[in-house]
Amino acid sequence: MTILFYILAGLALISAIAVISFRQPVYSALSLVVTLFSLAGLYLTLHAEFLAIIQILTYAGAILILFVFIIMLLNLNDDELKEQTPALWRRIVLALLGGFTFAGLWWGVSKFEGDVKNLPQGFGSIINSGKLLFTEYVLAFEIAGILLTVALIGALVLAKRRLKI
Amino acid sequence: MEGLQHYTPLLMIFGLGIVFAGLFLLLAYAFGPKNPTASKLDVYECGVPSMGSARERFSVKFFLVAMLFLLFDVEVVFLFPWAVLLKTFKEAGMGAAVFWPMFVFLAMLGLGLLYEWRRGGLDWD
Amino acid sequence: MLTMSLKIIIPFVLILQILPIFIWMERKGASYIQDRRGPNRANIFGIRLGGLVHTLPDVIKLIFKEDIIPTRANRFIYTIAPFISMAVACMTFAVIPWAAPLALEKGSFALQALEMNVGILYIFAIASIGVYGVMLAGWGSNNKYSLLGGLRASSQMISYELTLSLSIVGVLILSGSLELGAIVESQSSNLFSWNFIRQPLGCLLFIVAAVAETNRTPFDLPEAEAELVAGYHTEYSSLKFALFYMAEYVNMIVASALMATLFFGGWQVPFLTTDLLREHAGIIIHYSLLGMGAMALLGSIPLFLYKSRVHYGDARDTETKKLSVILFIVGIALLAWRAASGELFFEGLAAQIAAAALQVGIFIGKILFFCWFFVWVRWTLPRFRYDQLMQLGWKAMLPLALLNLFVTAGVYLLL
């Protein structure tokens, strides 16, 4: 089973690198889909069925659809794409930001002390995650609702302003 | 973790889909004649010489639809565990405890939808 | 391992068998609704089976067609788009249960390829990937018509995907599970407790959204031929076109199977519980075989007497005669065999398998009915205008689905 983990993790890493290496944004988006699928596979190896399916349903099925829509909305042709090489200072700043994020993640993961080998019965099932969501984390759930509503209104305001030109 | 064998069929189904669809691409490549001509490979626009490129920017309305879809899709994701849990909670006598949080959640989104509707965000033109 | 692969391959082959029947139903249904005869020429040694044979030469023809990749298209995206559509369509059927689980000594044996607790979500997740196939086909072809078709198709699919998932929440509340097997079990064999009675609005919304999701008339704006040539597959030829075509039909078969499973009792035989079926499987099969024999016998007589007004001058002239003789022999053989051996009795595993066979038969019957429903709707209703389509999705179906959800939850908690 460790082999499965290495295959999926490797796939996730390779496709993640592919996301930032392709110049054509559609290829990047497709590589990101592969990354998300391998992440979903990794969740499955931890028996988090619900999480794995949600990963595909919302990230690959909704968020990336939006990305591809935007890529198609801008619809850059090949000449326009070649012109865009970011300046050196931007690359350095972005690399630093990425490094910080990675360090933060590393720190967070190294502090994790749970037992992932002996999971309790029904771990990651929809019933258990749902119970937590609607009892312990009900406030977070409502805040997510507010966030979604704000985004709903924000999207309209942005799109409508464009439409009125 | 022997429980992972439970997901072997999933792997096999993915393999089946990929092999089956790939087979068709290979068959087309292997058996189809190959005599391309310039006009055959040109963009098909009903025989009229094509004007401009298809790489044009298109209406922002499609983007708005995708955005709305994303937000409501996230909402639906919250609904699934809620719907499944309702039975368990009802049997435990706590039905209202899960009903009202979802009511408030959906009411907020419903208001957002109503605002969108009134402002004409749902109109196509 | 062997049983596992059989569990995947058998339903897959079954769906591939329903596919030509469905295409035949579509062609014949269309022709009879339009008062014409439809396909009736292709034959194998004079056997035409009312046009059913036509699908075979179609596939062979498409194999030997030139596979065109337009010079301006993006080769990789152009090639991968039909591949994604078909591969995704082939993966969705996995969680559909075909019959009641068999009770073996080792434990219960589910007649479904993949048992996942999140069953229905698996289908939605995989189906949402199908949007990429359409979107990339439109974009990759680098054709204005394709691009518009792809855009329309994808925004339509995502709009109705919401209603599709919201309309089944009511069903999930009633069954308390996402697993399709459990949803079927919860409907029981009583026809009046099937979900289309308990969830009429949800059922209606689901069917409409499923028709929209598969891009069928009245929602076939992505390929509105008067405006967009053929929509996102304008530039596709040969088997790449066939991949899109087949993916559409496989998707419809899966959608039909889902309608049957979620709202029409799945494999449940009306008023006959699994236990009852297992107990009396022998008698039921005995009498249905007798009935089939009698039907074949009765059907062969008018077929034998039928005289075609057209004279082809080849093997096709004798087709009805040949078929009627075959039918007659089959009928006699069935009747004789059943009359000679008397009533059947199954015990233990054999009874379970016989009951499962009956349930699979009923389920396939339901699937074919909904396939016919797709055809019927397609040739009855005119096409929407695009703004009407979007307004129906967002202003009518989405609020109705939310309403249905709350009414269901409220009533469920109060009862």
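# Questions on a predicted three-chain model

Reader: Does F271(C) count as buried or exposed, and why?
Author: F271(C) has a positive phi of about 65 degrees although it is not a glycine. Its C-beta neighbours inside 10 Å number 10. A residue is exposed if 12 or fewer other C-beta atoms lie within that distance, so F271(C) counts as exposed.

Reader: Which loop of chain C holds N142(C), and does this residue count as buried or exposed?
Author: N142(C) is not a glycine, yet it has a positive phi of about 55 degrees. Its loop runs between α4 (119–140) and α5 (144–167) of chain C. The threshold for a buried residue is 20 or more other C-beta atoms within 10 Å. Because N142(C) has 22 C-beta neighbours inside 10 Å, it counts as buried.

Reader: How many helices and strands has chain C, and how does its radius of gyration stand to the globule rule?
Author: Chain C has 15 helices and two strands. For its 415 residues the globule rule gives 22 Å, and the radius of gyration is close to this, so chain C is as compact as a globular protein of that length. The radius of gyration itself is 23 Å.

Reader: What box do the C-alpha atoms of chain C fill, and what percentage of its residues count as buried?
Author: Taken along the principal axes, the box is roughly 70 × 70 × 45 Å. Among the contacts in chain C with a separation of 6 or more, 80% are between residues 24 or more positions apart. Of the 415 residues of chain C, the part that counts as buried is 49%.

Reader: What is the distance in space, C-alpha to C-alpha, between W372(C) and F22(C)?
Author: W372(C) has its place in helix α14 (residues 348–378) of chain C. With 15 other C-beta atoms within 10 Å, W372(C) is partly exposed. Apart from neighbours within four places in sequence, W372(C) is in contact with M25(C) and G29(C). W372(C) and F22(C) are 350 residues apart in sequence, while their C-alpha distance in space is 7.7 Å.

Reader: What is the relative direction of α9(C) and α11(C), and why?
Author: Helix α9 (residues 200–213) of chain C packs against α11(C) with the axes 11 Å apart. The angle between the two is about 170 degrees. Angles over 145 degrees count as roughly antiparallel, so the relation of α9(C) to α11(C) is roughly antiparallel.

Reader: Which residues make the contact of α9(C) with α11(C), and how do they divide by class?
Author: From α9(C) come C203(C), F206(C), I207(C), A210(C) and E213(C). The partners from α11(C) are A255(C), M259(C), L262(C) and F263(C). By class, the residues of this contact are eight nonpolar, no polar and one charged.

Reader: How many residues of chain B are in contact with chain C, and which helix supplies the largest share of that side?
Author: The contact joins 53 residues of chain B to 61 residues of chain C. On the chain B side, α1 (8–31), α2 (60–91) and α3 (95–118) each supply at least two residues. That side divides into 38 nonpolar, seven polar and eight charged residues. The largest share, 18 residues, comes from α1(B).

Reader: How far apart do the C-alpha centres of domain 1 and domain 2 of chain B lie?
Author: The domain assignment of chain B places domain 1 at 3–49 and domain 2 at 60–119. The distance between their C-alpha centres is 39 Å.

Reader: Which helix of chain A gives the most to the side that touches chain C?
Author: In this interface, 13 residues of chain A are in contact with 15 residues of chain C. The chain A side has ten nonpolar, two polar and one charged residues. The element that gives the most, with ten residues, is helix α3 (residues 49–74) of chain A.

Reader: What percentage of the residues of chain A count as buried?
Author: The secondary structure of chain A comes to seven helices and zero strands. Among its contacts between residues at least 6 apart in sequence, 56% join residues at least 24 apart. Of the 165 residues of chain A, the part that counts as buried is 24%.

Key:
Residues are numbered from 1 along each chain as its sequence is written. Chains are lettered from A and ligands numbered from 1 in the order in which they are written. This is a predicted model: local features need pLDDT of at least 70, side-chain atom pairs count only at pLDDT 80 or more; totals for chains, interfaces and linings use all residues. Two residues are in contact if their C-beta atoms, placed from the backbone, lie within 7 Å. Helices (H or I, at least four residues) and strands (E, at least two) are DSSP runs, numbered from the N terminus. Ala, Val, Leu, Ile, Met, Phe, Trp, Tyr, Cys and Pro count as nonpolar, Asp, Glu, Lys and Arg as charged, and the others, Gly among them, as polar. Domain bounds come from an automatic or database domain assignment. The radius of gyration is taken over C-alpha atoms; the globule rule is 2.2 Å times the number of residues to the power 0.38. Axes are lines fitted to C-alpha atoms, for helices over the stretch in contact, and angles run from 0 to 180 degrees between N-to-C directions. Angles under 35 degrees count as roughly parallel, over 145 as roughly antiparallel, 65 to 115 as roughly perpendicular and the rest as oblique.
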